[in-house]
Amino acid sequence: TALELTVEGSGFRFKSRFNRFVNLPELMSMFREVADVQTAEMLNLNIPKLRGGKAIIVETEPDFYVKDLMQEIVERADRIRNGAVSPNEDNFLKITHEARLLGTDARLLRADAPNNPDGKLNKVVENVFYEYKKAEADGRIGCQLIFSDIGTPGGKEFDVYHYIKDELMEQGIPEEEIAFIHDAKTDKQRAALFREMRSGKRRILIGSTEKCGVGVNVQRHIVAIHHVDCPWRPSSIEQREGR
């Protein structure tokens, strides 16, 4: 039993969780009798070092609209915890999903929400454009990957991918240099897209962990990877970083 943050992020409460397995070393020994486990350290892979030695955490400030919506979420969580609302109407899973969308951009929840100049997506655009111009000044091709599992394209009023693309084009980056992994629907199209990234014809690729993770070999000119959202599993971050 330990003290942890509540789902809506407004306070703390005690929560009991599963603690540990027993006989885990024995289980690992049995598994290693039939499996050859190799880690990145054992393989001594030639992995480029991060600029500055560690990832850069970019902070953004919520505007009044986001703060108001967060307060609504806190009140909804209190009603759910007190049993004042049916699980069919509202529940913590729904709240968690909506809060995750809100953490990326309020327009993913409500298309008429204001555009926060200091919001996450505008910071992404700012940093991508900075890396683009920096690579040009250094005489390099400078390709970049942008990862987001939230707000993928698909006929919605507002999505992360098209907003980032439109804003980058507004900054002066040619449309033909920006690609969505979702547009490559066949193996042949994916292979062609990856060739264009390796050659520098395409310089910015936006994708999700699922579609732009395993098997995407575009690393030749990569200068930066941008994580718009944080996936649920640590292994997903590892897959993104592996590109």
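Reader: How many aromatic pairs does the structure hold?

Author: Rings of Phe, Tyr and Trp (its six-membered ring) pair if their centres lie within 6.5 Å; planes under 30 degrees apart count as stacked, over 60 as edge-to-face and the rest as tilted. The structure holds four such pairs. One of them joins Phe18 and Phe21, edge-to-face, at 5.2 Å centre to centre with 65° between the planes. Another joins Phe158 and Tyr163, which is tilted: the centres are 5.6 Å apart and the planes 45° apart. This is a predicted model, in which local features need pLDDT of at least 70 and side-chain atom pairs count only at pLDDT 80 or more, while totals for chains, interfaces and linings use all residues. Residues are numbered from 1 along each chain as its sequence is written, and side-chain values use heavy atoms, with hydrogens and water left out.

Reader: Are Phe18 and Phe21 buried or exposed, and what of Phe158 and Tyr163?

Author: Buried means under 20% relative accessible area, exposed over 50%, and partly exposed in between (1.4 Å probe, protein chains only). Both Phe18 and Phe21 are exposed, whereas both Phe158 and Tyr163 are buried.

Reader: Which charged end sits over the ring of Tyr163?

Author: A charge sits over a ring if NZ of Lys or CZ of Arg is within 6 Å of the ring centre and within 35 degrees of the ring normal. For Tyr163 the charge is that of Arg107, 4.4 Å from the ring centre. Elsewhere, Lys165 lies over the face of Phe180, at 5.3 Å from the ring centre.

Reader: Where is the place of Arg107, and with which residues is Arg107 in contact?

Author: Helices (H or I, at least four residues) and strands (E, at least two) are DSSP runs, numbered from the N terminus. Arg107 belongs to the loop between helix 4 and helix 5. Its relative accessible area is 9%, so Arg107 is buried. Contact means heavy atoms within 4.5 Å. Leaving aside neighbours within four places in sequence, Arg107 touches Ala113, Pro114, Asn115, Phe158 and Tyr163. Arg107 and Val160 are 53 residues apart in sequence, yet 9.4 Å apart in space, C-alpha to C-alpha.

Reader: What span should the 18 residues of helix 3 have?

Author: The expected span of a helix is 1.5 Å times one less than its number of residues. For helix 3 (residues 64-81) that gives 26 Å, which agrees with the 26 Å between its end C-alpha atoms. The 13 residues of helix 4 should span 18 Å, and the end C-alpha atoms are 19 Å apart, which agrees.

Reader: Against what do the buried residues of helix 3 pack?

Author: They pack against helix 4 (92-104); among them are Tyr65, Leu69, Ile73 and Ile80. The buried residues of helix 4, including Ile95, Leu101 and Leu102, pack against helix 3, helix 5 (120-137) and helix 6 (160-171). Gly83, with a positive phi near 75°, follows helix 3.

Reader: In what order do the four strands form the open sheet?

Author: Two strands pair if DSSP finds at least two bridges between them. The order is 4-5-3-6, with parallel pairing. Strand 4 (178-180) and strand 6 (222-227) stand at the edges, each with a single partner strand, so one side of each has no neighbour in the sheet. Strand 3 (residues 143-147) and strand 5 (residues 204-207) are joined by four bridges, and Leu145 stands opposite Leu205 in strand 5.
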